[in-house]
Amino acid sequence: VQLQASGGGLVQAGGSLKLSCAASGRPFGGVGMAWFRQAPGKEREFVAGISWTGNSTYYPHSVKGRFTVSRDNAKNTIYLQLNSLKPEDTAVYYCAAERIPRYSDLVKSAASEYNYWGQGTLVTVSS
C-alpha cells in the first residue's frame, strides 16, 4: 500500500493551495482517511478527516472554515484545499489511511487510528 502526497509549495499569507493524495496497492472503499501536519519542533497534528463515503468530515478549530477535505473513491484519491493560509500553517502535510475498512461515517482524529502514511508534502507560507 502506498500513499503519494503532492501539491505542496511556497505561498504568501492569504493564498491557497490544493494537496492531493493518491492511494495505490489496494482499494480504499470503506476506509476513513485524513490529513495531518507536522511543523519543525512540534508534534504531528490532525487537520482534517473524511469518512469513506465523503459524507462526514471533521476539522480542528485551528483550520475549520479555511481547509476543506474531499475524496474521489473512483480515483482512490483524497484532497485538501487550503485557503486563507497563515504562516503558522507552515508544515509538512501527511495523508493517512485506516487499515481496516469500517464502512462508518465516524471520523477519527488520532494518529494511532491510521496505519498507512504518505511521505509528506511541504507547505511553506510566507508572511
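1. A cavity is a set of points where a 1.4 Å probe fits but cannot get out, and its lining residues have an atom within 4 Å of a point. Keep that in mind for the next points. The model here is predicted.

2. How many cavities of 30 Å³ or more does a search of the whole structure find? The search finds one. The volume of the largest cavity is about 30 Å³.

3. Phe28, Gly29 and Met33 line the largest cavity, and so do Arg71, Asp72 and Asn73. Asn76, Thr77 and Ile78 complete the lining. Two elements, strand S7 (67-72) and strand S8 (77-82), each give two or more residues to this lining. By residue type, the lining divides into three nonpolar, four polar and two charged residues.

4. Now turn to the charged pairs. Five salt bridges turn up in a search of the whole structure. One of them joins Arg37 to Asp89, with the closest N and O atoms 2.9 Å apart. This pair links distant parts of the chain. Arg37 sits in strand S4 (residues 33-38), while Asp89 sits in the loop between S8 and strand S9 (91-97). The two residues are 52 residues apart. Arg37 and Asp89 are both buried.

5. Asp89 has another partner. Arg66 also forms a salt bridge with Asp89, and here the closest N and O atoms are 2.7 Å apart. Arg66 lies in the loop between strand S6 (57-58) and S7, and Asp89 lies in the loop between S8 and S9, so the pair ties together parts that are 23 residues apart in sequence. Are Arg66 and Asp89 buried or exposed? Both are buried.

6. These contacts belong to a wider set. A network of salt bridges links Arg37, Glu45, Arg66 and Asp89. Find Asp89 and trace its bridges to Arg37 and to Arg66.

7. One more pair deserves a look. Glu98 and Arg102 meet through their side chains in a salt bridge, at 2.8 Å from N to O. What is the relative accessible area of Glu98? The value is 4%. Glu98 therefore counts as buried, because buried means under 20%. Arg102 has 28% relative accessibility, so Arg102 counts as partly exposed. That class falls between the buried cut-off of under 20% and the exposed cut-off of over 50%.

Definitions and conventions: Residues numbered from 1 in each chain as written. Predicted model: local features only at pLDDT ≥ 70, side-chain atom pairs only at ≥ 80, totals over all residues. Heavy atoms only, no water. 1 Å grid on protein atoms, 1.4 Å probe; cavity = no way out; pocket = protein on both sides within 12 Å on 5 of 7 lines; lining within 4 Å. Points joined across faces, edges and corners; volume = space filled by probe spheres on them. Helix = DSSP H or I, 4+ residues; strand = E, 2+ residues; numbered from the N terminus. Nonpolar A, V, L, I, M, F, W, Y, C, P; charged D, E, K, R; others polar. Salt bridge = Lys/Arg side-chain N within 4 Å of Asp/Glu carboxyl O. Buried < 20%, exposed > 50% of the residue type's maximum accessible area, 1.4 Å probe, protein only.
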